[in-house]
Amino acid sequence: MKKLLLIMVLAVNVTLAQERGNILIRNATVLTITKGVLENTDVLVKDGKISQLGKNIATPAGYKVIDATGMYVMPGIIDAHSHQGIDDVNEATNPVTSEVNVGDVINPGEITLYRALAGGVTTIHSMHGSANAIGGQCETIKLRYGVRDPEGLRMEGAPRTIKFALGENPTRVHGAGSNIVPRTRMGVEFVMRESFSKAKEYIAAWDVYNKAKAQKGFRGAPPEYNYRLETLGEILKGNIIIHCHSYRADEIYMMLNVCKDFGIKKIVFQHVNEGFKVAPELAAYGAMASVFSDWWSYKFEVYYSTAYNAAILTKNGVTTSINSDDGELMRHLYHEAAKTQKYGALTDDEALALITINPARQLGIENRVGSIEVGKDADIAIFKGHPLSTYTIPMTTLVDGVVRFDREKDADDMRLYVDPKQEIEVATFTDRDHEHEHCMEGAEENFETIFNIH
């Protein structure tokens, strides 16, 4: 048995080693984000990490070489708000569902992950939805597209995160939909305060028990385990980062007060369309903001917005990112960042920080990704033309030094599980007299009833 386990461990280690690339990128304009621009510079990647930056680096034996002459190298783009790569988004059965985790339903075969790579994206924050005041836990994943084991997408060691939501979504799903709290915006606040209060009591009960059981002769029973409260307790302890769906300034400010009252320091507001109204307050608290560039008016509470939002937040000292919240927009984030140069006149580094180092900080992974620095993961995007140019073209994307997208060499169809030439069975209606194949029985009549077809 021990021998079998050893073989399995060795096999896993070999697999991981194969997924850590050794590569030399030659003669590029390197946009480091944090250390300025390096002209005509080589980037050496060893075992999936950036090991050297400089000119005329000798090519180690066995290393792949990419000639990036005339091209731009930048850190892989990070999307702090996505719902891609997962099979389930909302557990809408209760206003509080901190016990569920979208990371348990990762789908490595989702084609949008490859399409994101085609836009220079290397890391995404796959989030629970906004149906609940306190939703489920999220997952930070690397776009190692091509692996078939869901565990291969998880970013090892990334901090835990959780989704909260303010406004119309939780009030519509629970108040209007089920006639339970929260039906109003003040009801959302109550749900959060009540939940954190219960979590504090839960933590205190366990602290008393753990202290007592160390005493000689103790025979008491432990408190009832509750994973929902356990998760909320980890938020109070600072071990989980809140990412809070939000639009209106009054609710954003309300949430800051809730966090202050419960000693919660780690919070990132998502969407934050009216963040520009409370930018100084966000900065003073240390809260961060992940915004759209110019997406609003799709419902009433998102009516009051401005394309200057990201720039205003940035200039007020708020760590700000631009996200997609959309499988298609995700591969155009470099265009979204560029809009801040028209609406706010941000510098190249400030604009690119919105999709690299800033979202990395919001996810607590800035020591690993988000800039081109020696020692960081070799998550790299190579562009033909400056990434903030309207005419730029993403050419190559590396994750951990492994090429996951190559514009010139990839096949036209990059789906993992579907052969476009494979013959498939066509679903058909069957005669009711048949004794088999009744899976679609009644569907035609239901279709006619629903759409009033006669």
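Trainee: Hi! Let's start with Asp-325: what is its relative accessible area, and how does that class it?
Mentor: Asp-325 has a relative accessible area of 23%, so it counts as partly exposed. Do keep in mind that this is a predicted model.

Trainee: Where does Asp-325 sit?
Mentor: In the loop between strand 14 (320–322) and helix 9. Its phi is positive, about 55°, although Asp-325 is not a glycine.

Trainee: And Asp-400, what is its phi?
Mentor: Phi of Asp-400 is near 55°, again a positive value in a residue other than glycine. Asp-400 belongs to the loop between strand 16 (393–399) and strand 17 (402–406).

Trainee: Is Asp-400 buried or exposed?
Mentor: Buried, with a relative accessible area of 0%. The cut-off for buried is under 20%.

Trainee: Switching to helix 9, what can you tell me about Glu-336?
Mentor: Glu-336 lies in helix 9, which covers residues 333–342. Its relative accessibility is 7%, so Glu-336 counts as buried.

Trainee: Which side chain does the Glu-336 side chain make a polar contact with?
Mentor: That of Ser-293, at 2.4 Å. If you set aside neighbours within four places in sequence, Glu-336 touches Ser-293, Asp-294, Ile-322 and Leu-329.

Trainee: Now helix 6. How far apart are its end C-alpha atoms?
Mentor: They are 19 Å apart. Helix 6 has 13 residues (249–261), and at 1.5 Å a residue it should span 18 Å, so the two values agree.

Trainee: What do the buried residues of helix 6 pack against?
Mentor: Strand 10 (160–165), helix 4 (185–212), strand 11 (240–246), strand 12 (267–271) and helix 7 (279–285). Among those buried residues are Ile-252, Met-255, Val-258 and also Glu-251.

Trainee: What follows helix 6?
Mentor: Gly-263 does, with a positive phi near 70°.

Trainee: How many bridges join strands 7 and 9?
Mentor: Four, and strand 7 (residues 121–126) pairs with strand 9 in the antiparallel sense. One detail to look up is Ser-126, whose bridge partner in strand 9 is Glu-139.

Trainee: Last one: which peptide bond is cis?
Mentor: The bond from Val-181 to Pro-182 is cis, with omega near 10°. Pro-182 is in the loop between helix 3 (168–178) and helix 4.

How values were computed: Residues are numbered from 1 along each chain as its sequence is written. This is a predicted model: local features need pLDDT of at least 70, side-chain atom pairs count only at pLDDT 80 or more; totals for chains, interfaces and linings use all residues. Side-chain values use heavy atoms; hydrogens and water are left out. Helices (H or I, at least four residues) and strands (E, at least two) are DSSP runs, numbered from the N terminus. The expected span of a helix is 1.5 Å times one less than its number of residues. Buried means under 20% relative accessible area, exposed over 50%, partly exposed in between (1.4 Å probe, protein chains only). Contact means heavy atoms within 4.5 Å. A polar contact is a pair of N or O atoms within 3.5 Å; within protein, one must be able to donate a hydrogen and the other to accept it, and residues adjacent in sequence count only if both atoms are side-chain atoms. Two strands pair if DSSP finds at least two bridges between them.
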